[in-house]
Amino acid sequence: MSFTTQQRQHWMSVLAHAPTAELLRLSDATVKEFSFEIIRAPEIGLAQVRARMGNTGEQFNLGDMTLTRCVVRSSLNTVGYGYIGGRNKAHAQRAAELDALLQDPQLGEVLMERVISPMEAIEHKEREKRQQQVDATRVEFFTLVRGED
């Protein structure tokens, strides 16, 4: 299995948004079989968030957010990166380890099935749950036009 840039972006997004406990539980057995050299230990920093007014206007600085990053090299000689919103060093390191392992053609397929697909399902359920909560409180406004007869 050869991966594209879009596929890698996808799995990195899934890893970044995954619940930490589930991510560690699902990946522990596979990750323990490999050794990793830490190139950049997990560290916490800030990243500036930029936005656009109405999603089309000029960019402006919205504010800062906490970010944790990590870089590792696996025993398969692949380099993995982990960038996580928040302050969770264990999550960032596991995301980097999995990114490195997912780049291996044979192991990548197994990890997609064992880790990424279940994490996608969890994320999808959470998104549906939030949408149901929003829908339950939605108020629709309408305007009546009064005539001057």
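Colleague: What share of the 149 residues in the chain is buried?
Modeller: Buried residues make up 26% of the 149. Buried means under 20% relative accessible area, exposed over 50%, and partly exposed in between, using a 1.4 Å probe and protein chains only. Keep in mind that this is a predicted model, where local features need pLDDT of at least 70, side-chain atom pairs count only at pLDDT 80 or more, and totals for chains, interfaces and linings use all residues. Residues are numbered from 1 along each chain as its sequence is written, and side-chain values use heavy atoms, leaving out hydrogens and water.

Colleague: OK, and which elements does the chain have, in what order?
Modeller: From the N terminus on, they run α-α-β-β-β-α-α. Helices (H or I, at least four residues) and strands (E, at least two) are DSSP runs, numbered from the N terminus. The radius of gyration is 21 Å, well over the 15 Å that the globule rule gives for 149 residues, so the chain is more spread out than a compact globule. That radius is taken over C-alpha atoms, and the rule is 2.2 Å times the number of residues to the power 0.38.

Colleague: What does the C-alpha trace span along its principal axes?
Modeller: About 85 × 30 × 30 Å.

Colleague: Let's switch to strands. How do β2 and β3 pair?
Modeller: Strand β2 (residues 59–74) and β3 pair in the antiparallel sense, over seven bridges. Two strands pair if DSSP finds at least two bridges between them. As an example, Val71 has Tyr81 in β3 as its bridge partner.

Colleague: And which residues are on the covered face of β3?
Modeller: Gly80, Gly82 and Ile84 are on the covered face, while Val79, Tyr81, Tyr83 and Gly85 are on the uncovered one. In a regular strand the side chains alternate between the two faces of the sheet.

Colleague: What's between β2 and β3?
Modeller: Four residues, and the two strands form a hairpin. Asn77 in the turn has a positive phi of about 65 degrees, and this Asn77 is exposed, with a relative accessible area of 57%.

Colleague: Where is Asn55, then?
Modeller: Asn55 lies in the loop between β1 (36–52) and β2. Phi of Asn55 is near 65 degrees, a positive value in a residue other than glycine. Asn55 is exposed too, at 66% relative accessible area.

Colleague: One last thing: where is Met53, and is it buried or exposed?
Modeller: Met53 is in the loop between β1 and β2, and it's exposed, with a relative accessible area of 61%.
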